[in-house]
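Reader: I've got this one open on my screen and would like a quick walk through it. Can we go through it piece by piece?

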Amino acid sequence: MEMAQPKEADVSEEQVLSFMAADIWTQEATITVMESQPPDGAGVSDHEEAVDVPNTFKTTRVPADARNDVPYSTVGKMFMTFNGKPYVGTGWVIAEKGVFTAGHCVYDWKNGGWADNILFVPQYDASDDAVGKWSSTEIFSLNGWTQNRDFRYDMGAFVTHLPIRPATGSLGWMANYPPDQGPYRSLGYPREPVPGHAFDGRHMWQSLGGYINGTNPICMRNNMTRGCSGGPWIVTNNRKSYANGMNSFRCDTEPGSMYSPYFGDGFLNLYDMVKTVD
């Protein structure tokens, strides 16, 4: 686990420019919402912080006591291998036996395609795995990613060998909403440090930042680094948490920003693949 390298998204500046030139978003599909579910025998407790303006972000380590509460309890560190090489990323529980993450954390164009295996450790903190470890049995992504390497479809999900929601809870989500839903609270396990933030992959961090622009993908203020890929972007409404994006890629020409695929019908298709698995 300690030898695993962060899984990164290799996106070109030309791709980013093409994304930003997309048409203005229009409502085309049905808005869908799923509420968070607590772990068995627990309630849902949200830790809400405000971000006043879109051009700022605030990045802090998630306190130990918060990791037991939704939404933090649903997030964990992923350990996966591609052609036998170990990598790490971030994921979050979305169903009884379902975990959501970035497409490039389950399907890698440079290393032979699908991950050989995935181990998910929710609430990971400096190797602490008191909640447990879950391995993948089935892995999914979208054709737009696996066939075209299109970052608008950089989403993935997998089924765990045993039910996981009873131990962690599951994070609610919003799909087919207007893209400017920030401010967002991004969660993940960044590994490469930046000035002022000692990222090392051993602790869960959150970056609170505003929506910047974009329709698909969308962009937020967020300075987390490699290893955070797949972590959710959370919107808080009436003290309830909903994922409405996730860490996909950064662009070198835009420091302090992060991109996410738009959560539309592609997201719903992936959710459908993992929500009903026995």
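Reader: Leaving aside neighbours within four places in sequence, which residues is Ser 260 in contact with?
Author: Keep in mind that this is a predicted model. Ser 260 sits in strand β19, residues 257–260. Skipping its neighbours within four places, its contacts are Pro 217, Ile 218, Trp 233, Gly 245, Met 246 and Ser 248.

Reader: Is Ser 260 buried or exposed?
Author: The cut-off for buried is under 20% relative accessible area. Ser 260 has a relative accessible area of 0%, so it counts as buried.

Reader: And which backbone nitrogen does the side chain of Ser 260 reach?
Author: Met 246 is among the contacts of Ser 260. The Ser 260 side chain gets to 2.9 Å from a backbone nitrogen, and that nitrogen belongs to Met 246.

Reader: What about His 104: which side chain does its own side chain make a polar contact with?
Author: His 104 lies in the loop between β6 and β7. Its relative accessibility is 3%, so it counts as buried. At 2.9 Å, its side chain has a polar contact with the side chain of Ser 229.

Reader: Which residues of helix α4 are buried?
Author: Helix α4 covers residues 265–275. Strands β2, β5, β6, β10, β11 and β12 are among what covers its buried residues. Those buried residues are Gly 266, Phe 267, Leu 268, Leu 270, Tyr 271 and Val 274.

Reader: Where is confidence highest in the protein?
Author: The average pLDDT is 87, and 85% of the residues score at least 70. Confidence is lowest in strand β1, at a mean of 62, while the highest, at 98, is in β6.

Key
Residues are numbered from 1 along each chain as its sequence is written. This is a predicted model: local features need pLDDT of at least 70, side-chain atom pairs count only at pLDDT 80 or more; totals for chains, interfaces and linings use all residues. Side-chain values use heavy atoms; hydrogens and water are left out. Helices (H or I, at least four residues) and strands (E, at least two) are DSSP runs, numbered from the N terminus. Buried means under 20% relative accessible area, exposed over 50%, partly exposed in between (1.4 Å probe, protein chains only). A polar contact is a pair of N or O atoms within 3.5 Å; within protein, one must be able to donate a hydrogen and the other to accept it, and residues adjacent in sequence count only if both atoms are side-chain atoms. Contact means heavy atoms within 4.5 Å. pLDDT is the predictor's confidence in each residue, from 0 to 100.
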